[in-house]
Amino acid sequence: MRETRLGISIYPERATEEQCDGYLRLAAGLGYRVLFVALLGVRDAREEVVARYARLTTLAHELGFEVCCDVNPGVLARFGVNCSVLRGKLDLRFLREIGADAMRLDTGLSELEEAFLTRNAEGVSVCLNAATTAHDHVGAMLASGGDPAHVVGCHNYYPHRYTGLSLDYFLRCSRIWNDHGLRLQAFVSSREPGARGPWPVDDGLPTLEMHRDLPARVQAAHLALLGCVDDVIFGNCFASEEELAAVARAVAHPAELTVHVEPGLPESERGRLRMRLSRRPEVCDHMIRTVESRMVPGEVAPFNCVDIKRGDVLVDNVGYGHYSGEVQIALMPMENSGRTNVVGYVDPAELCLLECLTPGQLFSLRLE
């Protein structure tokens with residue numbers, strides 16, 4: 001599994017200096033190290049933009065953040081920046097003036113232009129939109145002389161409901177970046193009522209459409225378990241302290257599932273569920289089976305032997321002989337023969353994580 005960095009977004013035009021500074025300090029204290037800002041909707045003069053952003057990014061750098069700024073050629077041209085050697089000498093001083101370590105091109109250039117851009121004298125990294133599988137644009141850019149040390153992929157975020165990426169397309173796009181060994185970023189969305197992005201339309205700012213209505217911690221855990229993303233970034237602000245902390249924990253411990261336990265479950269069986277478990281190497285369609293749970297001594301009496309739904313947490317009882325004590329998680333509905341105890345269920349918001357538990361993977365259950 002890739003080591004994942006945490007990130008936040010801030011849009012200074014839509015917040016006070018006090019809000020921005022407080023948010024930076026709060027996130028830094030929880031281990032966040034990537035700051036995403038956007039110039040796409042900025043209409044102020046260059047001097048005003050430099051003053052506003054330089055103040056913010058100076059503090060961000062002091063706190064250990066890397067700063068990525070969302071731009072496009074039209075925005076840069078308005079600020080007197082030439083980002084194409086095909087139209088003259090590269091001049092990215094404006095990006096350094098505002099404190100950007102990387103520029104995200106919302107609208108891409110040709111492979112040759114992007115390759116030249118990665119070798120700019122200011123040392124600004126180039127962040128490209130990762131959501132394309134039309135052809136190996138990235139490979140062509142590297143073959144044209146692009147510097148892989150200054151190339152980053154970044155999936156977009158989608159404020160319009162139903163426009164986020166499908167999981168299959170996201171994985172296909174991401175695989176291209178992974179195959180080239182390049183860093184890749186994606187966004188999760190705060191569920192705070194007042195959280196906002198840079199645009200008037202704002203139904204949340206996730207990369208994956210399936211994440212839009214999920215808790216931020218589940219979005220982040222899912223991205224971490226998929227194993228293809230290096231940076232998980234809040235697309236909107238301001239996330240709450242609780243959300244920031246929950247996402248930090250989810251990325252550090254993505255294979256921790258919240259389980260709602262059946263009332264009256266014996267303490268001995270709760271102890272079995274608190275074990276550090278791993279998925280058996282044999283994969284079956286109906287359930288996730290575990291290795292360690294059957295090693296606990298003691299007879300498991302029948303308990304709550306009702307029919308089984310997807311996400312139910314199961315323990316085989318004495319009726320199953322030597323399988324007694326095995327902890328399982330149901331992947332589909334099943335008829336209960338009376339030999340399996342339904343001891344709880346995985347939080348419905350976390351069901352998407354079940355498909356990410358690979359053979360041999362360690363996971364844990366957090367009981368509620």
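Here are some friendly notes on the structure above, point by point.

1. **What kind of model this is.** This is a predicted model, in which local features need pLDDT of at least 70 and side-chain atom pairs count only at pLDDT 80 or more, while totals for chains, interfaces and linings use all residues. Residues are numbered from 1 along each chain as its sequence is written, and side-chain values use heavy atoms, with hydrogens and water left out.

2. **The sheet.** An open sheet is built from 7 strands in the order E10-E15-E9-E14-E12-E13-E11, with mixed pairing. Strand E10 (277-278) and E11 each have a single partner strand and stand at the edges, so one side of each is left without a neighbour in the sheet. For the terms: helices (H or I, at least four residues) and strands (E, at least two) are DSSP runs numbered from the N terminus, and two strands pair if DSSP finds at least two bridges between them.

3. **A parallel pair.** Strand E9 (residues 256-261) and strand E15 (residues 362-367) run parallel and are joined by 4 bridges. Within this pair, Thr258 has Arg366 of E15 as its bridge partner.

4. **Strand E13 and its neighbours.** E13 pairs in the antiparallel sense with strand E11 (residues 287-289) over 3 bridges. With strand E12 (residues 312-316), E13 also pairs in the antiparallel sense, over 3 bridges. Both faces of E13 are covered: Val327 and Ile329 are buried on one side, Gln328 and Ala330 on the other. Here buried means under 20% relative accessible area, exposed over 50%, and partly exposed in between (1.4 Å probe, protein chains only).

5. **Gln328, worth a look.** Gln328 lies in strand E13. Is Gln328 buried or exposed? Gln328 is buried, with a relative accessible area of 3%. Its side chain makes a polar contact with the side chain of Asp316 (2.9 Å). A polar contact is a pair of N or O atoms within 3.5 Å; within protein, one must be able to donate a hydrogen and the other to accept it, and residues adjacent in sequence count only if both atoms are side-chain atoms.

6. Ser337 sits in the loop between strand E13 (327-330) and strand E14 (340-346). Ser337 is partly exposed, at a relative accessible area of 49%, and its side chain makes a polar contact with that of Arg339 (2.9 Å). Ser337 and Tyr320 are 17 residues apart along the chain, and their C-alpha atoms are separated by 9.8 Å.

7. **Cysteines.** How many disulfides does a search of the whole structure find? The search finds 0 disulfides, a disulfide being a pair of cysteine sulfur atoms within 2.5 Å. For Cys68, the closest cysteine sulfur is in Cys127, 4.3 Å away and too far for a bond. Cys228 is in no disulfide either, as the nearest cysteine sulfur, that of Cys356, is 9.6 Å away. Cys68 is buried at 3% relative accessible area, and Cys228 counts as buried at 5%.

8. **Cavities.** The structure holds 2 cavities of 30 Å³ or more. On a 1 Å grid over the protein atoms alone, a cavity is a set of points where a 1.4 Å probe fits but cannot get out, and lining residues have an atom within 4 Å of a point. Grid points are joined across faces, edges and corners, and a volume is the space filled by probe spheres set on the points.

9. **Backbone details to check by eye.** The peptide bond from Cys237 to Phe238 is cis, with omega near 10 degrees; Phe238 is in the loop between strand E8 (231-234) and helix H9 (241-252). Tyr162 is not a glycine, yet has a positive phi of about 80 degrees, and at 68% relative accessibility Tyr162 counts as exposed. Asn304, in the loop between E11 and E12, has a positive phi near 50 degrees and is partly exposed at 27% relative accessibility.

Notes. On a 1 Å grid over the protein atoms alone, a cavity is a set of points where a 1.4 Å probe fits but cannot get out, and a pocket is an open set with protein on both sides within 12 Å along at least five of seven lines; lining residues have an atom within 4 Å of a point.
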